[in-house]
Amino acid sequence: MDLTLKIWRQNGPQEKGEMKTYPISGVEEDMSFLEMLDYLNDKLINDGIEPVVFDHDCREGICGMCSLFINGEAHGPGRKVTTCQLHMREFKSGDTIYIEPFRAKAFPIVKDLMVDRSAFDRIQRAGGFISVNTSGNTIDANAIPVPKENADKAFDAATCIGCGACVATCKNSSAMLFASAKISQFSLLPQGQPEAKERVLSMVNQMDLEGFGNCTNTGACEVECPKGISLENIARMNRDYLFASLSSNK
Amino acid sequence: MATTSKGLFGSSLARKYWMAISGLFLCTFLVGHLLGNLQLFVSGEEGKLAFNEYGHFMTTFPVVKVLSWITYGAIFLHTVDGIMLALQNRAARPEGYVKEKQSANASWASRKMALLGTLTLFFIVVHMKSFWYEMHFGELGVDANGNKDLWSLTVKAFEQWWYAAFYVIAITGLAFHLSHGAQSAFQTLGINHPKYTPIIKMTMTAFAWLIPAGFVAVAVFLYVVQPGQNL
Ligand code: HEM
Ligand code: SF4
Ligand code: FES
């Protein structure tokens, strides 16, 4: 297939970027989107042009490293799919494809399509864990009863891969879907209870410090999330934060 | 785990709680206001006297006075909070996308809440100048019972096509604001339940369209019937 790619090129964090146009032919339907970019980069290198920088790692939809805003949508036109799992058969020969980096103040551009998502790591570090000693005295997982529904919901929340598509797609660049998933995966389980209040207060506080926007409940994040993380998690975070604020010791 | 939190003031979530609480309060205010307006369907001397009696009650009864101050406060809080949210949201994405397909994943009203709210605010200012200001500080005549003649002021306003049209457009904007906001407020306050959320969404969507439809019906009635011409 023949395509016209319009790609955001930006040399560094402080530099001014712009959309550049790259006509490309010989793309095959069975290529993944990232393979198509590899193929483009081969050609660019042959022509003595800087290859396009983009993030990726597992290429099987589990690590959350790939990103890209494709034709106006995070991870492209598919639903519940990451960019690395998007295939060129979703496009037609002759298409023009816009490829842009995830946009948010909290996700500064490193180069071209690569953004720095370490703000998510800092939210996680603010409380996305349980403080237990796991060296040598691990308790059997089945020793504490967990209701089946809660185990399922906690697992669903834990499938968030931290890709940042929710932020990229939100008109407010809000990180609520990510943060609420990371809070819920603990708050639904007995092991998460002792630190539940501190966790939700600290993680929300860090999220605000990073400069993400607020939630208008448009629901765009849930639609674009490759893992189908539910808005239910945001409601859970909203009520947990409310009760934690009213009943915390500090 | 070290905790730092802005609690119920200043954090992103708290700002939305205030938005939701003030918004839901204003929704109940709309119901009360509409019930009052429905009296305008009664024309003639009888309707005029009853409406002016009601106007007198609404501006003098202490409980209503307290409620009206809470309403002014709610509008102020909702507006200031809304502006702060909108500014923060804008700052969170300094450089936008070249191509963005927002309609693929979110409703129009949900993406235009600040615009629809601003239209509503503009309407509230005009509306209060037309009736609230005139009732409190203007020079109104009195009716046969000695009450200020708010009725004549009101029906005369809606005899003008442009006033009625502006009113209908503004109320339609409010309907869109509520079509997202009235159900969204529950999610903001943490209420999301497999059994109850569908009911909340249905009820609040009906609310969002029916209440404004009531306001519009009164306005259209006044414009079409022109009850002021017969007195
Ligand atoms: C009678 C008048 C009004 C009513 C009944 C009303 C009601 C509501 C409700 C229920 C919400 C949803 C809150 C939430 O999602 O938690 C909302 C959101 C909002 N309102 Fe209003 N509102 C009114 C007037 C205004 C005015 C005058 C403004 C300001 C200019 C405004 C600006 C906003 C904004 C910006 C939001 C979205 C906030 C966000 O989710 O980010 N509204 N409104
Ligand atoms: S919630 Fe979904 S979109 Fe957001 S980071 Fe997690 S997996 Fe990605
Ligand atoms: S590269 Fe790992 S999820 Fe796409």
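1. His78(B) places an N or O atom of its side chain 2.8 Å from a nitrogen atom of ligand 1. A polar side-chain atom of His177(B) also lies 2.8 Å from a nitrogen atom of the ligand, and a side-chain N or O atom of Thr188(B) is 2.7 Å from an oxygen atom of ligand 1. A polar contact here is a pair of N or O atoms within 3.5 Å; within protein, one must be able to donate a hydrogen and the other to accept it, and residues adjacent in sequence count only if both atoms are side-chain atoms.

2. The model is predicted: local features need pLDDT of at least 70 and side-chain atom pairs pLDDT 80 or more, whereas totals for chains, interfaces and linings use all residues. Side-chain values use heavy atoms, without hydrogens and water; residues are numbered from 1 along each chain as its sequence is written, and chains are lettered from A and ligands numbered from 1 in the order in which they are written.

3. Ligand 1 lies between chains A and B. There are 25 residues around it, and Lys16(B), His78(B), His177(B), Ser184(B) and Thr188(B) come nearest (a residue is near if one of its heavy atoms lies within 4 Å). The shell divides into twelve nonpolar, twelve polar and one charged residue; Ala, Val, Leu, Ile, Met, Phe, Trp, Tyr, Cys and Pro count as nonpolar, Asp, Glu, Lys and Arg as charged, and the others, Gly among them, as polar.

4. Helix H7(B) gives the most to this shell, with eight residues. Helices (H or I, at least four residues) and strands (E, at least two) are DSSP runs, numbered from the N terminus. H7(B) covers residues 161-188 and reaches 39 Å from its first C-alpha to its last, close to the 40 Å expected (1.5 Å times one less than its number of residues). Of its 28 residues, 20 are buried, meaning under 20% relative accessible area; exposed is over 50% and partly exposed in between (1.4 Å probe, protein chains only).

5. A kink of about 35° in H7(B) is centred on Leu178(B); the bend at a residue is the angle between axes fitted to the seven residues ending there and the seven starting there. Gly190(B), with a positive phi near 90°, follows the helix.

6. Most residues other than glycine have a negative phi. In chain A, Arg59(A) has a positive phi near 60° and is found in the loop between helix H1 (33-46) and strand S3 (69-70). Arg59(A) is partly exposed because its relative accessibility is 24%.
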